[in-house]
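Please keep the sequence and the coordinates at hand while reading.

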Amino acid sequence: MSKMEVKTSLLDNMIGVGDMVLLEPLSEDSFIGNLKNRFDHNEIYTYIGSVVISMNPYKPLPIYTAEKVEEYRNRNFYELSPHIYALADEAYRSLRDQDKDQCILITGESGSGKTEASKFVMSYVAAVCGKGQEVNKVKEQLLQSNPVLEAFGNAKTVRNDNSSRFGKYMDIEFDFKGDPLGGVISNYLLEKSRVVKQPRGERNFHIFYQLLSGASEDTLKNLKLDRDFSKYNYLSLDSATVNGLDDAASFRTVRNAMQIVGFMEDEVQSVLELVAAVLKLGNIEFKPESRVNGFDESRVKDKNDLKEMCELLGLEQSVLERAFSFRTVEAKMEKVSTTLNVAQAYYARDALAKNLYSRLFSWLVNRINESIKAQTKVRKKVMGVLDIYGFEIFEDNSFEQFIINYCNEKLQQIFIELTLREEQEEYVREGIEWTNIEYFNNAIICDLIENNQNGILAMLDEECLRPGTVTDETFLDKLNTVCAEHQHFESRQSKNSKFLTDHSLPHNCFRIQHYAGKVLYRVEGFVDKNNDLLYRDLSQAMYKANHSLIKLLFPEGNPSKVNLKRPPTAGFQFKASVGTLMKNLLTKNPNYIRCIKPNDKKAAHIFTDSLVCHQVRYLGLMENVRVRRAGYAFRQAYEPCLERYKMLCKQTWPHWRGPVRDGVEVLLTDLQVPVEEFAYGRSKIFIRNPRTLFFLEEKRRQCLEDLATLIQKIFRGWKSRRQFLLLKKSQVVVAAWYRRYAQQKKYQKIRCSALVVQSFIRGWKARKILRELKYKKRCEEAVTTIAAYWHGTQARRELRRLKEEAQNKHAVSVIWAAWLGTKARRELRCLKNEARSKQAVSVIWAYWQGNKARRELKRLKEEARRKHAIAVIWAYWLGLKVRREYRKFFRANAGKKIYDFTIQRIMQKYFLGLKTTTLSMSPIDKSWPAKPYGFLEGTHQELRRIFHLWRCKKYRSKFTKEMKATYEEKLAASELFKDKKALYPSSVGQPFKGDYVELSKNPKYQKLNSLVEDKVLLADVVSKINRANGKGAPRMFLLTKNNFVLADQKTGQVKTSVPLPDLSSVSVSTQNDGFFALRVKEGATSAAKGDFLLSSDRLIEIITKLHRIGSASADRNQIKIDISDEFLVQFKQDKVCVKFIQGAPKNGNGVICKRKNNRLLEVSVPSP
Ligand SMILES: Nc1ncnc2c1ncn2[C@@H]1O[C@H](COP(=O)(O)OP(=O)(O)O)[C@@H](O)[C@H]1O
Ligand SMILES: [Mg+2]
């Protein structure tokens, strides 16, 4: 709370009161007095609650600096002294933070500072919203669209040196962060009549003067223009230069702005050409020329301007000249051409100039929109800024003023709707105690103008579309009848005769009591301006221009798109677009800036009380204050309110279980907010004082900080724990690996030690054995020595005894001999011992050497393995180094390239390889090289198929005619018998020779040969089966084209000759036998003997040939071939059944045919 008290500077150092709500006592005088007091102290902004009143200071004030922007940034609305920035900041923040689309409605009279205010709002928003290269570009483009539109759409009027002559609504679009994405500009009705004529003391649109003053000599020369304003009819001279306006500098600003917005150099050029063309057009003058029929026809006076204009626009001079002299009226396929008189020609010229300019303006707006439109499709938040022409009362008011004022009426409606009516209605709806406050509702005036049945605009349209003569007077007459009773409509001739004596009301005028005052409108020009007619000849002439922009501006001039329907009238279009605008504004959260003009002289320091009082009244500002004072500054539905502040009280945080209203009550009681600060509505809580709201907000902000800390704490804890668990897991893995490594090391060490111990033990064992052996040997030696001693003692005792007994020679020799023996034995033992120890030494030596060699070998092996390992590691490392070295030289797609290259090489190699392999040309050769690569499988098989087809073709192409016939026969045989008869496979290899008996060469058959007239197709010996016993008898079988013949094999004598047409069918079995029955048609001459049962090895050939003869001749039926293991044969009178059975496997004697009974012949065929 203490912090807040420091900040409340709205009340500190206040001049008068900053918020009219605080005014005491509240009266019109004190209201105006307060405004004046503040104005005198350069405090031009004053609040009525959240509405900003702005007085035009008519002098630059130091309150729009960057420091001011920083001061107001992110501060509460009532925290600092009133400023337009506070409103802009509030709107921007609630757009960004609460996701509410905003609109800023700036209203006031012409010259009251609306356009300036809109620019301040835009520049503030640009300054506080996001930064960054892309964002700055968008901002720059949005801001720079202003100078361009102002140059083309603003002009000096008596009220304002820089008056907007068009309405402008700009939607600035933001993303969720509040960064600008782009914008959309809508323009409303440019006052185009200004192009051809300006009221006294006013100027044409700025661009004309800017171009002539600011363009370089070169540019002017290109545009065929002269710097002198006085050379142009369309430029008024009495205020050609305006104090404080530097046209030349402005021109540079405009060109620069166009460049920033994104106009191409050639587009700028086209635009300037069009501006120049309008100036030229104004200089074209006409003179009358009498015609024979008595009518005057107009002619262009001095063709130089016309010529130059046509050159500028790439028009053909004659086309335009004709369009100024004639008018073609098209109606239902008929074309009537009438001449124009001088007045009509001027009218046509001016209409063209107006249209050219206003269409250029619309094109500019569209072009700017194209540049500044948001590039993304994401959902956008929108802030709309509406700067529409102010309420205008001139001496002479025409259609334009009527339209402008209508628009202002509509805006006032919105204001009334949203601030006065809605607010009061809401209190009633919410059941808050409320005394109603009266205010003037201008809906009745809007209705007078826009009502579809009897509104002034509807009447005007009706009049314009009516057949017959229509003039401004007939229009006024109509109004006099229809609107007579309306209390805001006044006219001298009004049917209720109320104003008959009112001399302030001229006859050709009507007056409307607007909310902002009475305005007298002259009806002259209403019909024309509403019709907005441009002769079709002119639009068609324009369409023919060799100038891309002009062509674009006059699409209706395209002769292929002639549209006989009237275009909608200007009034209708305006009403529609204003309707859309109002609908759009109603969907957004409104923020009001109400501009007030302190004096009529555009002068600083002058405060004209009466003028201000008038504005305060019609703007309904007093009512606004009253409603505001009686009401509550802030309201919010219970639910969002509780949601927003619930963290401020223990009972409501984190969840309140009861009804929300009770929750809010608990909350506010807990916070100890004074009771008179609140009212509980049905669905909303109403807060009387903004300060209370700020108090809540501040508390919430502090609380949020604590909550954020809590969330951070928990999150950090969670994050650290996760990190710890991860570390722990890694540690376990590392430890496991390390343990393994340590155990390995330990094992190796133990193993080494074990080996050392082992070798020591082995050495010790060997030494022990050696010692034992040595001891054993010594023992043995001792025994021998003892024995020797003992033997010596024995011998000496014997010797002594012998010596003692006889001392004879024999004893001596015996002793001698014994001693010699001993000596010899000793000698022998010595030798033996020596040899044994020698061998032992060599064995031990060999053992020791082996041991040493093995140890050496092990060491060498180890060394070699280590060396190899080092080499391998070195090679790997080198590879790695090289790859690392060269990796940077490879592009990302090297892999793919290498892959492609490899594949290409493989394919190349594959195809070249195929080229060099010699492949067999025999169609039956099944061999084919193995596929070299798995992925070529498909190709490889396809190539094989193609190659096979090709070699078959090659093979076929080598056929002679005979060979072809033979193969055809073979093919026929295959079709007939393949898989049907077991004999068939054996016939495939046999060539079909036809003549097997060499008929012509064999003298035996000379006679037979001469008997047969036709060429013999087949001649062979067959067996004729006897029906009686089933035995076969050899017969000569001849087949010609027309018959077959059976003849004696030996003599050649013909036995039977049957014409082929007499044969009905042939029967054969499915088995591997040569039996066939030739069936003769019943009733044929040769049928007397019955059918023929024959057998031949060449059965396949015979039947194939028979079948082919039948199919070759057209007149004969094809012979039928039955294949079955049982068929009937007609012998003379009897029918005998021939049945085939599978016999025992082949054992030499082949097929056996036996007669079983009268009716059955059984053929047993060995099974294969
Ligand atoms: N806040 C302001 N500070 C200084 N001069 C201002 C301010 N507002 C308006 N003016 C002056 O008043 C003139 C008319 O303002 P403008 O915004 O064009 O009026 P409107 O658009 O309402 O017709 C401007 O050219 C400018 O000289
Ligand atoms: Mg303006």
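Lys 224 is located in the loop that runs between helix 8 (217-222) and helix 9 (247-261); helices (H or I, at least four residues) and strands (E, at least two) are DSSP runs, numbered from the N terminus. Although Lys 224 is not a glycine, its phi is positive, at about 60°. Lys 224 is partly exposed, with a relative accessible area of 29%; buried means under 20% relative accessible area, exposed over 50%, and partly exposed in between, with a 1.4 Å probe and protein chains only.

The model is predicted: local features need pLDDT of at least 70, side-chain atom pairs count only at pLDDT 80 or more, and totals for chains, interfaces and linings use all residues. Residues are numbered from 1 along each chain as its sequence is written, chains are lettered from A and ligands numbered from 1 in the order in which they are written, and side-chain values use heavy atoms, with hydrogens and water left out.

A positive phi of about 60° is also found at Asp 99, which is not a glycine. Asp 99 belongs to the loop between helix 4 (84-98) and strand 3 (102-108), and its relative accessible area of 42% makes it partly exposed. Another backbone feature is the cis peptide bond from Trp 653 to Pro 654, with omega near 0°. Pro 654 is part of the loop between helix 24 (638-645) and helix 25 (660-670).

What is the place of Arg 203 in the chain? Arg 203 sits in the loop between strand 7 (180-188) and helix 7 (206-214). Arg 203 is buried, because its relative accessible area is 0%. Beyond its neighbours within four places in sequence, Arg 203 is in contact with residues including Ala 155, Lys 156, Tyr 209, Thr 241 and Asp 247, where contact means heavy atoms within 4.5 Å. The C-alpha atoms of Arg 203 and Thr 241 are 9.0 Å apart in space, while the two residues are 38 apart in sequence. The side chain of Arg 203 also makes a polar contact with the side chain of His 206, at 3.1 Å. Such a contact is a pair of N or O atoms within 3.5 Å; within protein, one must be able to donate a hydrogen and the other to accept it, and residues adjacent in sequence count only if both atoms are side-chain atoms.

Thr 115 and Ser 164 are both buried.

At the level of the whole chain, there are 33 helices and 31 strands. Buried residues make up 43% of the 1168 residues. Of the contacts with a separation of 6 or more, 64% are accounted for by residues 24 or more positions apart. Along the principal axes, the C-alpha atoms fill a box of roughly 195 × 150 × 75 Å.
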